[in-house]
Amino acid sequence: MNLSLFAISGATGQTGSAVASTLLQHGHSVRVLVRNAAKAAAWAARGAEVMETDFADADSLARGLNGAVGAYFINPPDYHSSDMFASAQRMGEVWCRAMERSGVESLVALSSVGAHLASGTGNIYTTHLLEQTLGSLRADVHFVRAAWFMENWAGALAVATKDGVLPSFLAPLDRSIAMVSASDIGRVCAETLMAGANAPRITELHGPKEYSPNDVAAAVSAVLKRDVSPVGVPESDWGATLGKWGFSAHAIETWGEMVRGFNSGHIVFEGGTCTPAFGTMDFVDAAKVMNSKGK
């Protein structure tokens, strides 16, 4: 028996797909909101409702939200935009208008470690803006602040597979930070949705342990069954490296500020009244998943 209907954005991505899968496993009805319905045929096959949605249009988004008791919001940084902060602000405002028109009772928004900070966080500042904007809603709004994504290492894992070295923006190589898998993020966000008004206002999601680039290299080495050495990417090379990935000049600047924030220890969880949570997937298992997808 389907218990409640939830509207999920980002279901064709990493965290959104984990949210939708978790909800379906618990017997709930799921409506995935997508830009292109043809790319979400697999969700229809699993019993989810698929609705093509224009996320820049509040009326279109409100139609996607209508009838749902809760919704999942994700706004990945637009690394191709000339101003990702303006893009995030617009997205938050559209979601606010759509939420008010739809009458959805609760919203779970993916945020980030460091979202409480107003400066020195690079592209994480998009989540600071979104928390401020979405926090004005009359509905119950819950933010899940995730640690550094384990999946951020997917590109480096491809290099390790080919060359036996693991390039790292994070430094020093023996310094550990919180890292969490996308599957754990999606699961916790789904659990927050199902808890509704009883869920914490702000959840700060760690992984099962902290990892350094050295630890990551050891995990990747175990998965690839070959020696893998971590190598720091000099800051002077960051721009050229990110440019190869298609980042705009603004995205290169903000990514660099974010990495410097992690490396200096500026970007950390807020703590205080925020509720801590912990993922269960360790980096070896996450690397196995990334490796299988890369083949």
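Guide: The side chain of His 142 reaches the backbone oxygen of Pro 200 at 2.9 Å, and a polar atom of this His 142 side chain also lies 3.2 Å from the backbone oxygen of Gly 196. A polar contact here is a pair of N or O atoms within 3.5 Å, where, within protein, one must be able to donate a hydrogen and the other to accept it, and where residues adjacent in sequence count only if both atoms are side-chain atoms. The model is a predicted one, in which local features need pLDDT of at least 70 and side-chain atom pairs count only at pLDDT 80 or more, while totals for chains, interfaces and linings use all residues. Residues are numbered from 1 along each chain as its sequence is written, and side-chain values use heavy atoms, with hydrogens and water left out.

His 142 belongs to strand E6, residues 140-146; strands (E, at least two residues) and helices (H or I, at least four) are DSSP runs numbered from the N terminus. His 142 counts as buried because its relative accessibility is 4%, buried meaning under 20% relative accessible area, exposed over 50% and partly exposed in between, with a 1.4 Å probe and protein chains only. Setting aside residues up to four places away in sequence, His 142 touches Leu 107, Val 108, Ala 109, Thr 192, Gly 196, Ala 197, Ala 199, Pro 200 and Arg 201, contact meaning heavy atoms within 4.5 Å.

Met 99 sits in helix H4, which covers residues 84-102, and Met 99 counts as buried because its relative accessibility is 3%. From Met 99 to Lys 293 the separation is 194 residues in sequence and 35 Å in space, C-alpha to C-alpha.

Ser 81 is placed in the loop between strand E4 (70-73) and H4. With a relative accessible area of 11%, Ser 81 is therefore buried, and, apart from neighbours within four places in sequence, Ser 81 is in contact with Ser 87, Ser 248 and His 250.
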